[in-house]
Amino acid sequence: MIHKHGADVIQRKNCSRTENVGLSKSHSEADLPSKQAPKPKLKRSESTVQLKALPSYMVDNEFLLDYHRPELNSIMECIKSVFMMHTETWNIWTHFIGCLGVVCLAVHYFIHESESWHQSLSFAVFFAGAAFCMGCSTIYHVLFCHSERYCRFWAKMDYCGIVILIIASLPPWVHFAFYCTTYLKPLYIGVPVVFGIGALAVVLSDKYSGGDYRVLRAVVFISLGMTGLAPAIHYIATHDFFHWNFYFWLILACLFYFTGGVIYATRIPERFLPGKFDIWLQSHQILHLCVIGGVLTCYQGASKLAQYRISSLEECPGPGL
Ligand SMILES: [Zn+2]
């Protein structure tokens, strides 16, 4: 079904250069100018179309020139397309595998590492935020070619996931960095939550959810992430050099997120060689890998800090909750 529909779209584009619309099944393959069709450079699903054949709502990156899925109008067809090669294949798989990895890591942590309910709770927020972010991202990349309604809804969920990941990364760090200091925790978690609500208002608005506001969204995400700098600076200023061991991982996580945000906004490398990164190594895939790197390094630092706190009871006998 997807094959024939895609062929229909290519035919329609080549004949009339009008926007892709649904065609009836009576439009037979005998009518297709198969001899004149350009030979594909890569082995890929023949259901893909060129950028100019896409409806405007699906045009997210004008530097990816070919191998796009057409509008499919079927959840089953969208799911089948996960196993074909097109512009979204690696966007789907990177975050699907990342989401499964976070779930496995969470199970391992709760069974083998966590020693108390408050440790489990703070890390559960982090794991849930990371899994939600990558889960929403996976669904968005699978379904955005279903229809304009699905595309707009899941794009907003994708942006929500990023905001929630940023906020959810803070509790384990803040809880164990200020283990005995009760009053600082609501402050250092509450302020980013307030900023996060503002960020949600921006990314959920119809006005700012389109491709034209890519840079604005990147600035919102990076700014939100910087609200975590206040507790980091406070902690570094009040502890000795040994504790840099933990913040090395936090700085590395920030670098991953910042690099991913800049690459997403600037669309490097496809900007310099349009059409050469349609399937492999486009900016969005690099963003996804940076998110996975950020989640793993954030986890590594927070779990080391938690271990240190729990094993140093002479410094602080119990948590200030
Ligand atoms: Zn994505």
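Author: Let's start with one term: two residues are in contact if their C-beta atoms, placed from the backbone, lie within 7 Å. Among contacts in the protein between residues at least 6 apart in sequence, 72% join residues at least 24 apart.

A word on what you are looking at. This is a predicted model, in which local features need pLDDT of at least 70 and side-chain atom pairs count only at pLDDT 80 or more, while totals for chains, interfaces and linings use all residues. Residues are numbered from 1 along each chain as its sequence is written.

The protein has 11 helices and 0 strands. Here helices (H or I, at least four residues) and strands (E, at least two) are DSSP runs, numbered from the N terminus.

Now to your site. In an unreviewed entry, UniProt lists His141, His284 and His288 under "binding site". Such positions are given in the numbering used here, with feature names shortened, and the annotations may be inferred rather than shown by experiment. These residues are spread over 148 residues of sequence, yet they cluster in space, with a largest C-alpha distance of 11.5 Å.

Look at helix α11 (residues 283-311), where you will find His284. His288 is in helix α11 too. A residue is buried if 20 or more other C-beta atoms lie within 10 Å of its own, exposed if 12 or fewer, and partly exposed in between, with C-beta atoms placed from the backbone. His284 counts as buried because it has 22 C-beta neighbours inside 10 Å. For His288 there are 24 other C-beta atoms within 10 Å, so this residue is buried as well.

Who are their partners? Setting aside neighbours within four places in sequence, His284 is in contact with Asn91 and Tyr264.

To step back for a moment, 42% of the 321 residues of the protein count as buried.
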